[in-house]
Amino acid sequence: MLKEGQVRIPSGCAIAAVIDTTGERFSGETIIRSIALMHDRSNGLGGGFAAYGIYPEHADSYAFHVFFDSEEARQQCEAFLFDHFNVDVSEPIPTKKVPSITDAPDIRRYFAKPNKVRMREAGLDEAEYTARCVIRINAEFEGAFVFSSGKNMGAFKAVGYPEDVGEFYMLDRYKAYLWTAHGRFPTNTPGWWGGAHPFTLLDWSIVHNGEISSYDANRRYIEQFGYKCNLQTDTEVITYLFDHLCRHHGLDLDVAADILAAPEWDEIDEMSPDQRAYFTALRTVYGSALVNGPFSVILGSNRGLLAINDRLKLRSLTAATKGNRAYFASEESAIRVVCPDPERVWAVSGSDPVFIPLHLSKED
Amino acid sequence: MMRYFQPEFHIVRDPARCIHCGCCVRQCANECHYFDEDGKTVLCRDESCVSCQRCVCLCPTGALRIEKFKSDYRESAVWTQQVQKEICRQASTGGTLLSAMGNPKPYPIYWDHMLLNASQVTNPSIDPLREPMEIRTFLGRKPDRLSFTKDKKLLTEMPPQIKLETPILFSAMSFGSISLNAHRALSAAAKELGTLFNTGEGGLHPDLHDMGQYAVVQVASGRFGVHKDYLNNSAFIEIKIGQGAKPGIGGHLPGEKVNVEVSNARMIPVGSDAISPAPHHDIYSIEDLRQLIWSLKEVTEGKKPVCVKIAAVHNCAAIVSGVARAGADIIAIDGFRGGTGAAPTRIRDNVGIPIELALASADQRLRDEGIRSRVSLLAAGPTRNAADVVKAIALGADAVYIASAALIAIGCHMCQTCNTGRCNWGIATQREDLTRRLNPEIAKERLVNLVTAWNHEIKEMLGGMGINSLDSLRGNRLMLRGIGLTEKELSVLGIRHAGE
Amino acid sequence: MKKVIAKENLCLNCRLCEVYCKTAHSKSKDPLRAYLNEPELQSRITVCGDNQKSVAVQCRHCDNPKCVEACITGAMQKDPVTGVVTCDAEKCIGCMTCLAVCPFGCIKIGETAVKCDLCQGEEEPACVKNCPNRALVYLEMGGKADA
């Protein structure tokens, strides 16, 4: 049977997220409880979390989380990493035994800074250099998969139910200001750790529920710019779209959201001239980045949290706020289980992305 | 003189049904039907019948039928009747064989070897009757990126974009090769449909001056009808390098078709042959093409996108890339089954490659070079129905050109003898008694109906795939699967086989 | 009133209007049977000219029809409501005075006078309905219905 990356596998899902807009950090226990409530939306073939603000002591280093299938894969990949980066820390990611999670690969993390000589030779900035190295490892190093590569953030994922994955990685011991979570229901896969969500690149992380019908149009667009969609998953291509639009084209996150979940022409035709010009330009130039088909997506980043829904609102996504915290989940009950009395609750609308910016003070 | 070959067709008149009204006699420009000496009894002869079906369609009692003329030769897979007839015809005339419309040979039609996807369970299909289904299409060079001010005002200067309400445009057919009434119909239909027609290389007739905004104005090697006002009175400009039906060959409109009207539109003397040379004699290289592109942009003050149309030939992917870098905003690729008003038979039947393969490789090449969004790709030659259009767009086309299908909608029966100028349907002729047969109002309605019907079907197929905007189908090759194709064909098309 | 307008720039000289006129005025309403069994049938519309220039001619249903004025039996009448000029075959004695006075030559000779009745009772006359090129159109032309 073909595994993820060799074949495109559609899947359904549960997603959840919590952010504290002041940057106050809190343990993973909250997000685990939230995603656990939606147990039936996943089938045990993938669960994962992204956490922002967990590595303040290594805030200037890229934190690479890597799966290795074999000792040989690890040696080859480490040779590349040590050659291209100055690695401060190399260690296994702590885990504990959980009966339902088996066949774990070798899971390690590295805190590293780009090798400046090589970076200058390549004529790239730090982010581009790092992104290219990550894409190269994932495309070319058999048996090695970098599943997290941001600064002061990390993804944790596995084949299993999300609450078990949280226990496996002991996420109650980490503190983050932004958590996202995912429970997966793939329709046809042997289950592969790398295929679980969130998918990440640099500081971007995506959890996603849906199956995008524009996949190959999006993939073939983004692959023009040096990305390689090895996993053939929606999350991967959506992550790359955000990375490309925001990092390479310098667009704001909300503009990128307007590209991925653009309003319909019928609506645009009725807008004020300025707005019409704005959306017409976006749709004309970035039509291939329009994401089509049912989806709800939560994008985590160091700028804050963005939630978007498909234009026809074919997938559920509820938002709520209370105090400094904002909550998102596929089902409202998954919010109320961790925040019983929210101040405001609403369904994210198809053409209206929700962006919760982070208001970190300078010192952070 | 003895004829060495049999007629192509046999006219069957059912005596029990013929009421001798004489409609067929008056309608056949090939004079296949005629009255007996009594002036009342209708007779017919087969020699010049081209099976245009005009008499069959108009006969009020259904008394007529056209058959293949059957006189069986001794069987040979090598020396078929067709091969022998062509030899005999050449032995009689000493000339190049001429024919019209597209390549009729049974080469593979890849459209028919590709199947479309539909959503089941994991992704809902969308009902186009309930939900908006967008097929609006923009043609023109797209900037690599956009930038905005903080309050979302556009800072990037946008190159001119052509807004179409359907991904279907009418392809190049010149006034001269087709009648003014046909041009009237095409232009009026384009206006109503929110799309464009194409002047071919025949210029724009003064009567259609107001339709310029719906016209793609062609600049071909003969430069007929080209002047500053013509170029500026357009939606966009198309430099015609080649045509799918006759790559590497120029055009020849015989002097007898150059009447006063044609001569005015083309700016040539009445009765003179209109010869389009094989190459543009000011384009012997890609850098020359660049100069022409930029001089056309200069004369239109950069307001008109410039398209370059090439025939699908063996290395067209590389050519397309070069043309994109030379500054073209739109590139049209015309496949070897594309139509024509006249082409040497040998060229029509043997030169060029199928549009499906050319389009797939050109789109991939542009993506490999990261310049796909710099140009819009138009596929032509031919798309026969809405499914072909959807497949072309999934392979990577921005829109398609249709010509043969448009002509069929208004009466053409593909008799492949446009070159004779005796089109009984009033399309490919300048004879006044014949052009009158094409009522532009009826023809316009039929063209509008055709494209409207295809639009509905495109939306239906999009909805089935769970897509509600054509943008998301463009280049979306996962929506295609090959059926009955070799590994090599699949790899050129960039698609997987059904079941994979 | 509505009248049939012939557009000569669109007329094909196919003369199908004649065929369908005869059929419409036949007993069987079937072209084959009309032509085979009713040889005396006449078309009330006539295409004049040849392929180079042709036009269909039929009764203009004049505001002040000469034929009605000239009819000695009262067979030729202009309907005061519809404005259609018809010949009542029961009353017509075939004197053909109408034919002599018609300025358009639109009355045919048979046992009685035969002329266009705009296919009364039909939404559109048969010639208009069946013209393959819309060279015949049925248009409101104003004018007097009341003679």
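Reply: Gladly! Let us start with B:Ile333, which touches B:Ile310, B:Ala312, B:Cys316, B:Val320, B:Ile355, B:Ala358, B:Leu359, B:Ala362, B:Leu377, B:Ala379 and B:Ala380, leaving aside residues up to four places away in sequence. Two residues are in contact when their C-beta atoms, placed from the backbone, lie within 7 Å. Before going on, please note that this is a predicted model, in which local features need pLDDT of at least 70 and side-chain atom pairs count only at pLDDT 80 or more, while totals for chains, interfaces and linings use all residues. Residues are numbered from 1 along each chain as its sequence is written, and chains are lettered from A and ligands numbered from 1 in the order in which they are written.

B:Ile333 is among the residues with the most contacts inside the largest nonpolar core, together with B:Ile331, B:Leu359, B:Leu378, B:Val400, B:Ile410 and C:Cys127. This core has 307 residues. A nonpolar core is a set of buried Ala, Val, Leu, Ile, Met, Phe, Trp, Tyr and Cys residues joined through C-beta atoms within 7 Å. Buried means that 20 or more other C-beta atoms lie within 10 Å of a residue's own, exposed means 12 or fewer, and partly exposed is in between. In soluble globular proteins, nonpolar side chains tend to be buried together.

The peptide bond from B:Gly381 to B:Pro382 is cis, with omega near -25 degrees. B:Pro382 lies in the loop between strand S18 (376-380) and H11 of chain B; helices (H or I, at least four residues) and strands (E, at least two) are DSSP runs, numbered from the N terminus.

Now to H11 itself. The axes of helix H11 (residues 386-395) and helix H14 (residues 440-464) of chain B come within 9 Å and cross at roughly 55 degrees. These axes are lines fitted to C-alpha atoms over the stretch in contact, and the angles run from 0 to 180 degrees between N-to-C directions. That makes H11(B) oblique to H14(B), since angles under 35 degrees count as roughly parallel, over 145 as roughly antiparallel, 65 to 115 as roughly perpendicular and the rest as oblique. B:Ala386, B:Val389 and B:Val390 of H11(B) meet B:Trp454, B:Glu457, B:Ile458 and B:Met461 of H14(B). The residues of this contact divide into 6 nonpolar, no polar and 1 charged. Here Ala, Val, Leu, Ile, Met, Phe, Trp, Tyr, Cys and Pro count as nonpolar, Asp, Glu, Lys and Arg as charged, and the others, Gly among them, as polar.

Most residues other than glycine have a negative phi, and most peptide bonds are trans. Phi of B:Val121 is near 60 degrees, and this residue is exposed, with 9 other C-beta atoms within 10 Å. B:Met267 has a positive phi of about 60 degrees and is partly exposed, with 13 other C-beta atoms within 10 Å.

Finally, what about the neighbouring chains? The contact between chains B and C takes 17 residues from chain C and 16 residues from chain B. On the side of chain C, helix H1 (16-24) and helix H2 (31-37) each give two or more residues. In H1(C), 9 of the 9 residues are buried, so this helix is largely enclosed by the rest of the structure.
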